[in-house]
Amino acid sequence: MCTDIIEKAELSGSGKGAEGWFGLRQANVYYDHPFHAPLDHALIVDFVQDPDTPGHRVAVELSFESAERLIAAIRAALDSGIDAHAQDIQSVRVLAGVH
Amino acid sequence: MFPYEGMIAETVQLQGDGGDWVSAYAARPLGTTGPLPGVVVVHHMPGWDEWSREVVRKFAQHGYNAVCPNLFHRFGVGSADDVAAVARSQGGASDAQVMGDIDGAVRWLKSLPASNGKAGIIGFCSGGRQVYLAACSVPSLDAAVDCWGGGVIATPEQLNEKRPVAPIDLTERMTMPLLGIFGNDDRSPTPEQVDRTEAELQRLGKTYEFHRYDGAGHGFFATDRPGYRPEQAVDAWGKVFAWYERWLAD
């Protein structure tokens with residue numbers, strides 16, 4: 001059914017929408033009826049700059065299986081990044097106050 | 001000579017909750033002075049979308065004045081999907097505000113020169129839940145159709161500031177006949193939850209009719225989704241129009 005169950009993640013980075021690049025502050029993540037994808041339910045992620053204003057949004061609607069593959073790919077890419085750029089990542093974390 | 005058939009479909013403004021002007025999508029048959037019954041279409045959480053507008057035009061095709069108020073109007077200006085994204089991230093519109101907007105849509109329908117003075121309501125999914133609430137709290141309506149509304153039964157943890165009361169707890173106040181359409185493979189509402197709702201309607205002596213379809217799950221009217229079930233959907237649409245013919249005709 002349509003729910004109001006939503007997970008939110010604070011983000012730091014950039015996204016590209018219809019009007020070009022913009023800074024991202026938050027991801028809204030939910031599993032519910034999609035707007036566009038021909039699926040009954042989808043894993044939906046809205047990457048947004050201002051959570052309270054329409055627009056400036058990068059949206060994806062994924063099938064359950066493809067969302068699982070994406071999670072695995074992100075995990076694998078991050079693991080490779082840690083292997084290849086551990087020193088850089090540690091520097092960023094120190095700068096950000098994360099240890 | 002062939003019979004004339006036509007409709008006008010357009011966005012309009014109507015006064016909703018608190019007297020706010022909200023946008024709405026309306027369709028009306030042309031070539032008739034009526035009198036015609038009206039139907040309020042309640043959109044689901046993805047918003048004021050293409051599906052909702054198709055349903056509005058379907059009712060005009062069948063001889064009804066129909067209107068779908070944009071329940072997310074106050075979440076900002078933008079495309080329907082962008083506005084719905086903001087609304088969803090904030091838990092949607094409150095029940096009280098939705099009831100006010102529905103009442104405004106009923107008043108708009110009944111003010112049309114071609115109105116017969118009666119109006120029904122139909123909603124799908126979260127809109128089905130809002131239909132159940134409206135049947136208990138918007139007495140200006142004359143008949144209701146709940147299509148697989150989930151959350152009619154709610155645990156205390158599922159209630160919040162925007163949704164303070166489980167609709168089933170308001171059943172005693174229901175003032176109009178209710179038609180329910182459900183798929184037996186649905187998980188929200190489950191068949192067991194539909195049983196409990198039906199038991200409450202029976203206990204309180206309410207006028208209702210429930211139709212439950214085997215081989216169908218949630219949202220089985222949606223022609224562009226894998227869950228579409230043509231045989232069940234065609235039969236159920238027939239039930240909807242029969243219901244309105246029975247309760248909204250002159």
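I start with a definition: helices (H or I, at least four residues) and strands (E, at least two) are DSSP runs, numbered from the N terminus. This is a predicted model, where local features need pLDDT of at least 70, side-chain atom pairs count only at pLDDT 80 or more, and totals for chains, interfaces and linings use all residues. Residues are numbered from 1 along each chain as its sequence is written, and chains are lettered from A in the order in which they are written, while side-chain values use heavy atoms, with hydrogens and water left out.

**Entry: D250(B)**

I found D250(B) in the segment after α6 (230–248) of chain B. D250(B) is exposed, with a relative accessible area of 70%; exposed means over 50%, buried under 20%, and partly exposed in between (1.4 Å probe, protein chains only). Leaving out residues up to four places away in sequence, D250(B) touches P35(B) and N116(B), where contact means heavy atoms within 4.5 Å.

**Entry: helix α1(B)**

I then looked up which residues of α1(B) are buried. They are W51(B), S52(B), V55(B), V56(B), F59(B) and A60(B). I see these buried residues packing against several elements of chain B, including β1 (6–15), β4 (65–69) and α6. After α1(B) comes G63(B), with a positive phi near 95°.

**Entry: chain B meets chain A**

I noted 29 residues from chain B and 25 residues from chain A in the contact. Three salt bridges cross the interface, a salt bridge being a side-chain nitrogen of Lys or Arg within 4 Å of a carboxyl oxygen of Asp or Glu. D81(B) forms a salt bridge with R57(A), their closest N and O atoms 3.1 Å apart. Helix α2 (residues 80–89) gives the most to chain B's side of this contact, with eight residues.
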